[in-house]
Amino acid sequence: MNGGHELVEQVYAAKTDTEAADSLIRQYMGFIRAETAKYIHRAPMEGQDEELSIVLLAFYEAILGYDKSRGAFLSYASRGIRSRIIDYYRKEKKHAKVTSLHEPVQDDDNETMKIDHLEHPENEIEKSHHRSATREEIREFEQHLGEFGISFSDVADNCPRQERTLQACRRVLAAARENTGYLDELIRTKKLPMSALSEISRTDKKTMERHRKYLVAVLLAFTNGYEIIRGHLYHLSENRENNDT
């Protein structure tokens, strides 16, 4: 129990302290590697296995989004990692079910190996910059959400689950973006102008209230140019819908 309490304290410290986050990640690299190995069925190799980078980022996201009411941190992180890896494999189907980089692949009339289809190593520099930008954007966005009393866990729990509800939320978001005065009001008062947006978007006010934190998070992403976060929030709502069907 004491070890669990100590880990929770470390995670909470790492939310706002970059050095504490780096230290926690180093401390749990064994866990991160073990989680990666679940999906590639061997020990991961830095600079070669993109899955290791995905799991590392997911672990950091778990630090930012964790609340002790969510249960044990490592179980929470493991669930987030699984979701990230599934997303990655869906987008990168050519990497699905890869067991060996030297596995033969039929390429027209020629047989090649999967290692021949990997991107050029120089692209790792670009990927590294992208990951750094993502981490910095997540950190900044978390602080911005905190000003509105919202956490990443709140947003995840508040995402619309059904297509009909998702479309209703998108009408509200579109109405707010087209009428920038409402965005200014949101930033100034820290409150979503529910009545006005309900009327202009023809969306039930109760629906808006149920998904208020999601709406606020997406609007904040739009007002501050968080492109990576904005895309993730849309994917998050779509994934929740797919998981619930």
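Reply: Cys159 is found in the loop that joins α7 (152–158) to α8, where helices are DSSP runs of H or I with at least four residues, strands are runs of E with at least two, and both are numbered from the N terminus. This is a predicted model, in which local features need pLDDT of at least 70 and side-chain atom pairs count only at pLDDT 80 or more, whereas totals for chains, interfaces and linings use all residues. Residues are numbered from 1 along each chain as its sequence is written, and side-chain values use heavy atoms, with hydrogens and water left out.

With a relative accessibility of 2%, Cys159 counts as buried; the classes are buried under 20% relative accessible area, exposed over 50% and partly exposed in between, with a 1.4 Å probe and protein chains only. Although Cys159 and Arg212 are 53 residues apart along the chain, their C-alpha atoms are separated by 9.2 Å.

On the α8 side the contact is made by Arg171, Val172, Ala175 and Ala176, and on the α10 side by Leu197, Ile200 and Ser201, with contact meaning heavy atoms within 4.5 Å. These residues of the α8 and α10 contact divide into five nonpolar, one polar and one charged; Ala, Val, Leu, Ile, Met, Phe, Trp, Tyr, Cys and Pro count as nonpolar, Asp, Glu, Lys and Arg as charged, and the others, Gly among them, as polar.

Ser201 deserves a separate description. It lies in helix α10, residues 194–201, and it is buried, with a relative accessible area of 7%. Once neighbours within four places in sequence are left aside, Ser201 is in contact with Arg171, Val172 and Ala175. A polar atom of the Ser201 side chain lies 2.5 Å from the backbone oxygen of Leu197, and the side chain of Ser201 makes a polar contact with that of Thr203 at 3.0 Å. A polar contact is a pair of N or O atoms within 3.5 Å; within protein, one must be able to donate a hydrogen and the other to accept it, and residues adjacent in sequence count only if both atoms are side-chain atoms.

The loops on either side of α10 can be taken together. Most residues other than glycine have a negative phi. Lys190, in the loop between α9 (180–189) and α10, has a positive phi of about 65 degrees although it is not a glycine, and it is partly exposed at a relative accessible area of 37%. Arg202, in the loop between α10 and α11 (205–210), likewise has a positive phi, of about 55 degrees, without being a glycine, and at 75% relative accessibility it counts as exposed. Within α9 itself, Leu183 is buried, its relative accessible area being 12%, and its C-alpha is 9.3 Å from that of Phe222, 39 residues away in sequence.

A polar atom of its side chain lies 2.8 Å from the backbone oxygen of Ile32, and, residues up to four places away not being counted, Thr36 touches Pro44, Glu51, Leu52 and Val55. Among the residues of helix α4 that meet α5 are Glu51 and Val55, and the α5 residues they face as a group include Phe73, Ala77 and Tyr88. The residues of this α4 and α5 contact divide into 15 nonpolar, two polar and four charged.

For the protein as a whole, the secondary structure comes to 13 helices and two strands, and buried residues make up 41% of the 245 residues. Of the contacts with a separation of 6 or more, 59% join residues 24 or more positions apart.
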